[in-house]
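Subject: Structure handover

Hello,

I am passing on the structure we spoke about, with notes on what came out of it. Please read the notes with the model open.

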Amino acid sequence: MSSRDPLIVFLGPKDSGKSSLIKAVFPELDVIESEPTYFRNYRYESFTIREVSGRMEVVDFLRSASVLWDIDTAIIVADASNLDSLREAYRMSPLVANSRRKALVLNKIDQAAEGAVKEGRKYAERLGCEYFPASCRTGEGISSLSSWIRGVKVVAPPKPRREIIPIPGAGIPKLDERLYTDYELKVLMPGKDLDDLDRRILSLVDGERTAREIADTIGLTYHEMLARLRRLRAKGYIKDIKHRIL
Ligand SMILES: Nc1nc2c(ncn2[C@@H]2O[C@H](COP(=O)(O)OP(=O)(O)OP(=O)(O)O)[C@@H](O)[C@H]2O)c(=O)[nH]1
Ligand SMILES: [Mg+2]
């Protein structure tokens, strides 16, 4: 499996039906049902399908690393039988903020709580994403979801040279910030489709300053800065972001 493959990420609270949906949409895969420690990858054609753990603390932990994930499609899964599941899925959604497209799947509509389908639509609107009420048990909504996932051709942008995969271990380790420090940056040329913040960032990108120094100078958080850098690179304004583990 290449770490450069674009990702199809399944994200959602515990027991919402992430594994069941992967199995329903990609029946050819040998899906493992136990909860992954962090995430579990499957190879599908030129994609990596990734089921993320349903535990909020793991999702929080992965948040910083996910700015380097090349997410083509994000499937946010919630359980229609439990309205809290929708709220939790919504709180998890920043993990896939930089996906090219995303959908909210309200699974288990065979057991939907009253008002859940309508409530799900509101959350999908709030997330600005597609909405698929579905049931792995009855098959309802699965073929629409499957067609949507398969229907769009992917144009892969330049990708990070390195993907950071947490090493499984006991408990949840603290994020090691050294993984992200000291980027060397090079600018091609500033252009027109940039906002003022982008211009300020580019004016400071000189191949010497690190991402952290620029973030501090401008007053952005480090994670906001990394998200901006990814977008600027995808647009071609930044030629290269070199990663160095100190
Ligand atoms: N009624 C009903 N049950 C479902 C549906 N989809 C999944 N389930 C059941 O819900 C439970 C959890 O499903 P999983 O697919 O393991 O959920 P998950 O999100 O992968 O769970 P974790 O990986 O442990 O977070 C299982 O018992 C499934 O059989 C559905 O559409 N309807
Ligand atoms: Mg699972």
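In which helix does Val58 lie? Val58 belongs to helix α2, which spans residues 56-62. Please note before going further that this is a predicted model.

Is Val58 buried or exposed? Val58 is buried, because 20 C-beta neighbours fall inside 10 Å and the cut-off for buried is 20 or more. Phe39 is 19 residues away from Val58 along the chain, and the C-alpha atoms of the two are separated by 9.1 Å.

Overall composition

The protein has eight helices and eight strands. It consists of 246 residues, of which 36% count as buried. Of the contacts with a separation of 6 or more, 71% are between residues 24 or more positions apart.

The sheet

Six strands form an open sheet in the order β2-β3-β1-β4-β5-β6, and the pairing is mixed. Its edge strands are β2 and β6 (residues 130-133), each of which pairs on one side only. From one strand to the next, the twist averages 20°.

Helix α1 packs on this sheet and touches β1, β3, β4 and β5. The direction of α1 makes about 155° with that of β3. Helix α5, residues 142-151, lies across β1, β4, β5 and β6, and runs at about 150° to β6.

Strand β1

Strand β1 covers residues 7-11, and five of its five residues are buried, so the strand is largely enclosed by the rest of the structure. Side chains in a regular strand alternate between the two faces of the sheet. In β1 both faces are covered: Leu7, Val9 and Leu11 are buried on one side, and Ile8 and Phe10 are buried on the other.

What does β1 pair with? On the one hand there is β3 (residues 47-52), which runs parallel to β1 and is joined to it by four bridges. Within that pairing, Leu7 stands opposite Thr48, and Phe10 has Glu51 as its bridge partner. On the other hand there is β4 (residues 71-79), also parallel to β1 and joined to it by five bridges. The partner of Leu7 in β4 is Ile71.

Nonpolar cores

Which residues of the largest nonpolar core touch the most other members? They are Val9, Leu11, Leu21, Ile75, Val77 and Val105, in a core of 41 residues. Strand β4 gives the most to this core, with six residues. Leaving out residues up to four places away in sequence, Leu11 touches Val52, Ala74, Ile76, Val77, Met92, Leu95 and Val96. Another core, of 13 residues, lies apart from the largest one, and its members include Ile201, Leu202, Ala211 and Met225.

The ligand shell

How many residues surround ligand 1? There are 18, and the closest are Gly17, Ser19, Ser20, Gly54 and Cys136. By class, the shell divides into one nonpolar, nine polar and eight charged residues. Helix α1 (residues 18-25) supplies the largest share of the shell, three residues.

Backbone points to check

Most residues other than glycine have a negative phi.

- Glu45 has phi near 50°. Glu45 sits in the loop between β2 (39-44) and β3, and it is exposed because 8 C-beta neighbours lie inside 10 Å, where the cut-off for exposed is 12 or fewer.
- Lys108 has phi near 65°. Lys108 is in the loop between β5 (101-107) and α4 (116-127), and it is buried because 25 other C-beta atoms lie within 10 Å.

Glu45 is therefore the exposed residue of this pair, and Lys108 is therefore the buried one.

Regards

Methods. Residues are numbered from 1 along each chain as its sequence is written. Chains are lettered from A and ligands numbered from 1 in the order in which they are written. This is a predicted model: local features need pLDDT of at least 70, side-chain atom pairs count only at pLDDT 80 or more; totals for chains, interfaces and linings use all residues. A residue is near a molecule or strand if its C-beta atom, placed from the backbone, lies within 6 Å of it. Helices (H or I, at least four residues) and strands (E, at least two) are DSSP runs, numbered from the N terminus. Ala, Val, Leu, Ile, Met, Phe, Trp, Tyr, Cys and Pro count as nonpolar, Asp, Glu, Lys and Arg as charged, and the others, Gly among them, as polar. Two strands pair if DSSP finds at least two bridges between them. A nonpolar core is a set of buried Ala, Val, Leu, Ile, Met, Phe, Trp, Tyr and Cys residues joined through C-beta atoms within 7 Å. Two residues are in contact if their C-beta atoms, placed from the backbone, lie within 7 Å. Axes are lines fitted to C-alpha atoms, for helices over the stretch in contact, and angles run from 0 to 180 degrees between N-to-C directions.
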